[in-house]
Amino acid sequence: MSESPIPDPTEPVLDRVEDVFFALDTDWRFTYLNDRAESLLWRSREDLLGRVMWDEFPETVETQFPESFHEAMETGDPVAFDVYHKPLDTWFEARAYPGEHGLSVFMQDVTERRVQKRRLDEHARVVEAVNDGVIVVDGDNHVASVNRAIEDALSTDREHLVGEHVDRLHDIAAVDAQATTDLGQAIEAIRRGDTSFERFELAFEPEHGEQRIGEVRMVPLDESRVRVAGVVRDVTDQREYERVVERLHDVTRWLFQAEDAPEICSVATHATGKLLGLPISGVWLLDDERGVMDPIAATAGAHEELGGLPQFPEGDGLIWEVYRDGEPRLFEDVHEHERRFNDDTPLHAEIIAPLGPHGVVMTGALEADAFDETDLELVSLLAENTTAALDRMDREQMLAERRKSLEEQRERLGAVADILSEDLQEHLETAADDLAAVSATSEAAPAETLSRAEALVDDILEFAKDSATLGSRESVGFEDALADALDGSLADDMTVYLEFQGSLRADRDRFVHMLETFFNDIHSRANGGGATVRIGPERGPEGRPTGFYILDDAEEIPETEFDRVFEPQGSSDAGIGLGLPVARQVAQAHGWSVDVTTGDPGGTRFSLTGAPTFTVDRE
């Protein structure tokens, strides 16, 4: 087939155009190339004219050129397609126009256009993927585009929104009428240049759903301010959270107006159930004396689902784990934790928050994964406020007890002053006389006197303590404490029968000192002779151990002295040290009662009762 070059008059024009141009005859031979084509192909016209394209550029066989060029020749219709030129890292749009003598091919650099299109596509995908709704309004206030989040929020397909005037959103998308007006006013304010940013809230109601609140932020899309975009964020949960936090501040006021710890706990559980919407909730406070977490208050839902709240012995259950860690925790399913208290509990999800040193608040759900971080945060905030109220209650009680203690302490110090001025001086004078008169073979008298003076000093130190002051309580074995008390007392020749084995929770040092005081008193009433003492359990009406008694066969305390035997008095009257007032003070510090009666068939019997942790292992 003969060549049919393009007529000469057109050549200068084609050389001046920016696009690449070349012509092929029906045998795919080059019949013309402009300057841009030479540059692109890195070949001159002289090299390529009359040569077959596929022979000179075999790599093009793997591109869309052959298929599209053949299609144009066979159908007689123009074709257009994009092709990538690897050496130049450039995309071209190729357009081939078939004619009687072959093809005329134009190629335009579309790299930048493709980059922009890719960016726009990426932006569109991002806009589609975000949770916030996006709406674009054109210059005529018609909806130009929306993303999927807008469709979901308004329960309306974008086909029903795009092209509609924004004033119709109230009719077609259940947007609040006032919000529709606010939207139109915000758009106009941006167009006038009054502002470059508008923010307001609108109410909308998804199909078959509760009303939601959306925060709308409007911005211009270009310098002309013709197209305006709005980003709509659903802030319903955030507004509800803010409302609950504000209400929690009111709850805090109620907490601080409560008169005692049980009332504080009741307010906290009411807030947990009604305000936070957590119907299975309760508060436990630590009973330090018994070493247990006691249930104090619970919601109605807790009673219905659990039949009430259990008591948690020390170290038993997740509740103790959280209390000791001091950090609130969310358990998605307690059945996955080996340390759960009850294997058969109907609860699955739980939130447990410590109340400082006081105890814990816990809420549960029958389903796993029922709570989220917001629930944890709100329960933690309530727990902090409840802790502050309990701290205040403790401080007020401590101040009241402190005032009472100071009054008692003034009385005790008055008695101590008298004793120090009279009795201690008497002991020291006696010790001095004994030391002057003692022979090398007799040292018992001064040793006895000095021991009595030492016991007096120990009792004075004990008696001067705040009666409510205790160290850490621990489980104290009765037999070991008794042995230490005997070693520390003056009763060297006393016979003691312990008629049981058991324990109780107490400040061990003060408990041992209390027993020493009893033994010293018995030693004094025995006039230095040996005394026999029996110690056994006291029992309540149901036979449960409630404390212990100490029965001695020394000189009996007269019944007429029962009312004053525990009152401070001179050591010459008390016997050794300050006597039984010290024993009563230690007992009261532990919350126990101490009484004295005549034993059966005789002797003096001291009874210490009201110790809930007193246990008898064996009699």
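Which residues touch the most other members of the largest nonpolar core? They are Phe 511, Met 514 and Phe 548, in a core of 39 residues. A nonpolar core here is a set of buried Ala, Val, Leu, Ile, Met, Phe, Trp, Tyr and Cys residues joined through side-chain atoms within 4.5 Å. Buried means under 20% relative accessible area, exposed means over 50%, and partly exposed lies in between (1.4 Å probe, protein chains only). Before going further, please keep in mind that this is a predicted model: local features need pLDDT of at least 70, side-chain atom pairs count only at pLDDT 80 or more, and totals for chains, interfaces and linings use all residues. Residues are numbered from 1 along each chain as its sequence is written, and side-chain values use heavy atoms, with hydrogens and water left out.

At least two residues each come from elements including helix 17 (478-488), strand 19 (501-506), helix 18, strand 20 (532-539) and strand 21 (545-552). Helix 18 provides the largest share, 7 residues. Helices (H or I, at least four residues) and strands (E, at least two) are DSSP runs, numbered from the N terminus.

Now zoom in on Met 514. Beyond its neighbours within four places in sequence, Met 514 is in contact (heavy atoms within 4.5 Å) with Phe 548, Ala 583, Val 586, Ala 587, Trp 592 and Leu 608.

Next come the charged side chains. Side chains of opposite charge can pair when their charged atoms come close. The whole structure holds 22 salt bridges, each a side-chain nitrogen of Lys or Arg within 4 Å of a carboxyl oxygen of Asp or Glu.

Helix 18 (residues 508-525) returns here, since it holds both Arg 525 and Asp 521, 4 residues apart, or about one turn of the helix. Their side chains form a salt bridge at 2.9 Å, N to O, and both residues are buried.

Arg 290 and Asp 294 form a salt bridge whose closest N and O atoms are 2.2 Å apart; Arg 290 is partly exposed at 32%, whereas Asp 294 is buried at 16%. Arg 329 meets Glu 321 at 2.6 Å, N to O, with Arg 329 partly exposed at 27% and Glu 321 buried at 18%. Finally, a network of salt bridges links Arg 43, Arg 51 and Glu 56.
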